[in-house]
Amino acid sequence: MSSKALAINLEATDRGLLTCLIGARLDEKYAKTFIPKYKLEVLEDFVHYVNKETASAELDAMVDSITESKDSGIIKSRMRASWAAAREALTIASSQASKGVDEDFDKPIPDGALSQLQLDWKRYNLEVGPFLDPSDALRGRVCREFRKKQASAPELKKIKSVLFAKAPPQQQAVELPGGVQLRFDKNFDVLVSDICGAYFQLRILAFAWAFNGNYMVPSKTTSSNMVRMMDLSQALAYADDSLRLTLEFGGGDVNWF
């Protein structure tokens, strides 16, 4: 695998699309012009947008369509190198998946991607308390689901904060023949018994969404505009509206919630 392909971070929210272009020595400002021009969101979009049989000609035409790079041989060369590295990285990833290497959605976000997400989060100037701060496993799952466009709706009892996830594990004992006792850690779910508890569980999920959705994508309503994948206000509004509707129509019943 080439060094350029190795440098592509497939764990990033855009599957390494931006870093792939920058890794081929394309200017970051230029890359951020190129990506929305063709409504690319993830690395797969870039690779599959181009027919591999006519890739060179198509990539040259894409570069020529942007005023500042028209007829630039060096940018065309770097764009072709970028596309080749992206294709190689996805081919290797696909090969590993076909060998039965299942991806653990709940593992923590890799340090490199996490650092960028933490930096992006600073735009909100908001510090979340540990009882509402999403656990590493929840952040990791949402990150990978957003990346694969496979967002799920987790049960409220499965949504865990940092505080809950880091609590000392409770042990369960099983008596075996011969007086042997087997002890192991038991994984407990969060107890959701009232409407307030349910609301705060959704708040934790909302923070996980906003933390991982802090990147720009083409608008589905106005294709020429770029919008944030999941803004904090949108994520919190989901939790707030759920509480309001439950109180208004569900009589405050946690099961209705």
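Modeller: Let's start with Arg228, which counts as partly exposed at 24% relative accessibility. The bands are simple: buried is under 20% relative accessible area, exposed is over 50%, and partly exposed is in between, using a 1.4 Å probe and protein chains only. Keep in mind that this is a predicted model, where local features need pLDDT of at least 70 and side-chain atom pairs pLDDT 80 or more, while totals for chains, interfaces and linings use all residues. Numbering runs from 1 along each chain as its sequence is written, and side-chain values use heavy atoms, without hydrogens or water.

Colleague: Fine. Which residue forms a salt bridge with Arg228?

Modeller: The general idea is that side chains of opposite charge can pair when their charged atoms come close. Here the partner of Arg228 is Asp231, with the closest N and O atoms 3.9 Å apart. That makes the cut-off, since a salt bridge needs a Lys or Arg side-chain nitrogen within 4 Å of an Asp or Glu carboxyl oxygen. Asp231 counts as buried at 17% relative accessibility.

Colleague: And which other salt bridge does Asp231 form?

Modeller: One with Arg123, where the closest N and O atoms are 3.5 Å apart. This pair links distant parts of the chain, 108 residues apart: Arg123 sits in the loop between α7 and α8, and Asp231 in the loop between β4 (226–228) and α11 (232–249). Those labels number DSSP runs from the N terminus, with helices (H or I) of at least four residues and strands (E) of at least two. Arg123 is partly exposed, with a relative accessible area of 44%.

Colleague: How far apart are Glu248 and Arg244 in helix α11?

Modeller: They are four residues apart, so about one helical turn separates them. They form a salt bridge, the closest N and O atoms being 3.2 Å apart. Both ends are partly exposed: Glu248 has a relative accessible area of 48%, and Arg244 comes in at 43%.

Colleague: How many salt bridges does the rule give?

Modeller: The count is 13. There is also a network of salt bridges, which links Asp106, Arg141 and Glu145.

Colleague: Now the backbone. Which residues should I look at for positive phi?

Modeller: Most residues other than glycine have a negative phi, and most peptide bonds are trans. Look at Arg15, with phi near 60°, and Asn125, with phi of about 50°. Arg15 lies in the loop between α1 (3–6) and α2, while Asn125 lies in the loop between α7 and α8 (136–148).

Colleague: Is Arg15 buried or exposed? And Asn125?

Modeller: Arg15 is buried, with a relative accessible area of 9%. Asn125 counts as exposed at 72%.

Colleague: Last one: what volume does the largest pocket have?

Modeller: Rolling a probe the size of a water molecule over the atoms shows where empty space is left. The largest pocket comes to about 720 Å³. Of its 27 lining residues, the closest to the centre are Thr13, Asp14, Leu18, Asp120 and Tyr215. A pocket is an open set of points on a 1 Å grid over the protein atoms alone, where a 1.4 Å probe fits, with protein on both sides within 12 Å along at least five of seven lines; lining residues have an atom within 4 Å of a point. The volume is the space filled by probe spheres set on the points, which are joined across faces, edges and corners.

Colleague: Which helix gives the most to that lining?

Modeller: α7, with five residues. At least two residues each come from α2 (17–23), α3 (28–37), α7 (111–121) and β3 (216–218).
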